[in-house]
Amino acid sequence: MSTESFPAIGPSIGGPSVLRLVWIYPDLLSTYGDRGNLLILARRAQQRGIPVELTEIRSDQPVPQSADIYLIGGGEDGPQALAAQRLRADTGLHRAVGQGSVIFAVCAGYQLLGTSFFAKGTQCTGLELLDLYSDRGPSRAVGELAGDIDPRLGVPPLSGFENHGGRTHLGNGVSPLARVTAGVGNDGTSEGAWRGNILGTYAHGPALARNPALADLLLRWAIGAASLPPLNDLWADRLRAERMAAIRT
Amino acid sequence: MPLRAKVASSVSRTAAALSRAAGRGDGSVIGGWIGLKIDPELLAHLAAGRAVALVSGTNGKTTTTRLAAAAVGVLGRVATNSYGANMPTGHTSALAKAGTTPYAVLEVDEHYLAQVLEATSPRVVALLNLSRDQLDRAKEVAMMAQLWQVALAEHPEVKVVANADDPMVVWAAATAGAVSWFSAGQRWHDDSWVCPECGSAIERSDDQWWCAGCPLRRPEPEWVVDEDGVIDPTGAWHKVTLQLPGQVNIGNAATALAVAAEFGVRPVDAVSRLAVVTSVAGRYAQVVRNGRTIRLLLAKNPASWLEAFDMAEQAPTLLSINARDPDGLDTSWLFDVDFSPLRGRQVLITGDRAFDLAVRLEVNDVPFLHVPSLNAAISSVPPGRLEVIANYTAFQDIRAELDRVN
């Protein structure tokens, strides 16, 4: 386990004394720049005057149940199946959810949250934290992904890159994160899912780099704030505009 | 050579010349493509009668191939695909163009190793490293290592020269008939935390690594980089003087000496040959423009960005990123690179995907200036050195701006 502390770099706005971010199993689930989400959440908290503690939990270590935000990244089939086994046996993540902690999961990590997923040709039991299951799609979905996010979340459209062979089917216990306007997402129509403080997406890797408002949503859930002071997102805004324009051409 | 192969070989040379004359590139791919259309066995025919070495891996292939060709050159003429055209069409072109030579050293794209191994019956295969590279279309790292394993299992007669510092390479070489291990150091560890054999954690301490759950561990290397030299299997140390920057190229030199040794070249005879290699297809090239000495460094994936930061001097640095087909369409890897070594330098950014880079550098606390072109970068920095680090097509764009410098 490695833990790094980062002091606040902006004026304090109250909230928890330290925001604890946990990256689950970077040894198994880390590809496509997944570290980016951790770094972006940390930075955006610090800029609001919230000191941050980042912890990376390897798959042979117990998952702490008292952190504020848990991140789960993407990965290959074998590590994904192994991560599911270990997280089910560990139960730390389930207890954290019971206490209202926030989970943000991408790609393989997102599939993991459901009841089952396919890896290495067999059906694997998931963590059963979201009412959804995943199977193999007819083809690999690779490319730009965009969608209009559930209006209840009050976040501008999702922009990302997807690369996955699975398709995900949502049950009644979850809401889609977005309605797909470009790419495939869950099934070509809906993309991602959320319930309570748990949110998953096929926008892989550093999904929050292109979606700073989504990062702020996770921070608000974690600290229980209705709003956060705005930040200068000039470059993220330019990047979003460029990517949205690229899909239209 | 059968008549069909002779005709194919000759047409292949002509097409390559036409492609060059038309300004459509180096001609190293198109010629081979036409040749293979006429005779699919052409590569095998062209390789027959030559002692062949193949060089494969994610990073360092082009440079190591150039260094190994120089080292083997002690013995006689060497055919090589020195423009980085590393698929069977490129090999076909290179061999056809070279005519009859006793030796060939060929760079092979890691996806094509099995196919080229089959076609060229090499004496030696050098395996450099395996790391994430263009994941939106390339095979994932463990899968690639497995393909190598299968290919090597079918050719126990081939001598493998392999990197003892990369767990993925060591695992891939497990099925080889005989291996000569080299240690060139490995800066990038993020694709080898998990044992590809059993799924347990890979532990590391200093140079050593071992699997916590099975016997996979670092083999004792016979060729070792030591400061600015290489120790050979007899224990003798050879100073390596290169015209290429960075510790990573000393490692590539060690690999080249190990490959040449399999052809019977003594390191003491080969080592001075390595200094003839200057820039490789524009990589490391230096160009003077308006009082700025511009040096070009190619960095295609996270592991090679770390190496580029090591090579670049403390000078203004331009970073250029594209995400066109040859680069991979996904820029997520930018977050796998720690750009903090650039703090304290003047950093400029450009390229199709400069905004992705901008967001990454902001999170990394690296101040930067966005510029529309290389020329704008040149006029934004003081006279002196300008380091340019770019990914594949961004690198080619900048090379074109500098008149296809080699």
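How many bridges join strand β13 (residues 292–298) of chain B to strand β17 (residues 384–390) of chain B, and do they run parallel or antiparallel? Seven bridges join them, and the two strands run parallel. The model behind these views is predicted.

**View 1. Strands β13 and β17 of chain B lie in an open sheet of six strands.** The strand order is β12-β13-β17-β14-β15-β16 (chain B). Pairing in this sheet is mixed. The edges are held by β12 (286–289) and β16 (369–370) of chain B. Each of these has a single partner strand, so one side of each is left without a neighbour in the sheet.

**View 2. Helix α12 (residues 354–363) of chain B meets both the sheet and chain A.** α12(B) lies across β14 (317–320), β15 (347–350) and β16 of chain B. Its direction is at about 145° to β15(B). The contact between the chains takes 22 residues from chain B and 29 residues from chain A. On the side of chain B that touches chain A, α12(B) gives the most, with six residues. That side of chain B divides into 13 nonpolar, two polar and seven charged residues.

**View 3. Helix α11 (residues 302–311) of chain B is largely enclosed.** Eight of its ten residues are buried, so the rest of the structure largely encloses the helix. The buried residues are Pro302(B), Ala303(B), Ser304(B), Trp305(B), Leu306(B), Glu307(B), Ala308(B) and Phe309(B). Their cover includes α9 (247–262), β13 and β17 of chain B.

**View 4. A second open sheet in chain B holds nine strands.** The order is β2-β3-β1-β4-β5-β6-β9-β10-β11 (chain B), with mixed pairing. The edge strands are β2 (78–80) and β11 (237–239) of chain B, and each pairs on one side only. From one strand to the next, the twist averages 20°. One pair in this sheet is β9 (residues 223–226) and β10 (residues 229–231) of chain B. β9(B) and β10(B) pair in the antiparallel sense over three bridges. Here Val225(B) stands opposite Val230(B) of β10(B). Helix α5(B) packs on the sheet and touches β2 and β3 (103–108) of chain B. The direction of α5(B) makes about 145° with that of β2(B).

**View 5. Helix α5 (residues 88–98) of chain B is mostly buried.** Which of its residues are buried? They are Pro88(B), Thr89(B), Gly90(B), His91(B), Thr92(B), Ser93(B), Ala94(B), Leu95(B) and Ala96(B). With nine of eleven residues buried, the helix is therefore largely enclosed by the rest of the structure. Gly99(B) follows α5(B). The phi of Gly99(B) is positive, near 70°.

**View 6. Two domains of chain B touch.** The domain assignment gives domain 1 (3–276) and domain 2 (286–401). Their contact takes 16 residues from domain 1 of chain B and 14 residues from domain 2 of chain B. The domain 1 side of this contact has four nonpolar, six polar and six charged residues. Across chain B as a whole there are 14 helices and 17 strands. Of the 406 residues in chain B, 57% are buried. Among contacts in chain B with a separation of 6 or more, 69% join residues 24 or more positions apart.

**View 7. Helices α1 (residues 35–47) and α6 (residues 212–223) of chain A pack together.** Their angle is about 70° and their axes are 10 Å apart. α1(A) and α6(A) are therefore roughly perpendicular to each other. From α1(A), the contact uses Ile40(A), Leu41(A), Arg44(A) and Ala45(A). From α6(A) come Pro212(A), Ala215(A), Asp216(A), Leu218(A) and Leu219(A). By class, the contact has seven nonpolar, no polar and two charged residues.

**View 8. Strand β2 (residues 19–24) of chain A is largely enclosed.** Five of its six residues are buried, so the rest of the structure largely encloses the strand. β2(A) pairs with strand β3 (residues 52–57) of chain A in the parallel sense, over six bridges. Arg20(A) stands opposite Glu53(A) of β3(A).

Terms used: Residues are numbered from 1 along each chain as its sequence is written. Chains are lettered from A and ligands numbered from 1 in the order in which they are written. This is a predicted model: local features need pLDDT of at least 70, side-chain atom pairs count only at pLDDT 80 or more; totals for chains, interfaces and linings use all residues. Domain bounds come from an automatic or database domain assignment. Two residues are in contact if their C-beta atoms, placed from the backbone, lie within 7 Å. Ala, Val, Leu, Ile, Met, Phe, Trp, Tyr, Cys and Pro count as nonpolar, Asp, Glu, Lys and Arg as charged, and the others, Gly among them, as polar. Axes are lines fitted to C-alpha atoms, for helices over the stretch in contact, and angles run from 0 to 180 degrees between N-to-C directions. Helices (H or I, at least four residues) and strands (E, at least two) are DSSP runs, numbered from the N terminus. Angles under 35 degrees count as roughly parallel, over 145 as roughly antiparallel, 65 to 115 as roughly perpendicular and the rest as oblique. A residue is buried if 20 or more other C-beta atoms lie within 10 Å of its own, exposed if 12 or fewer, and partly exposed in between; C-beta atoms are placed from the backbone. Two strands pair if DSSP finds at least two bridges between them.
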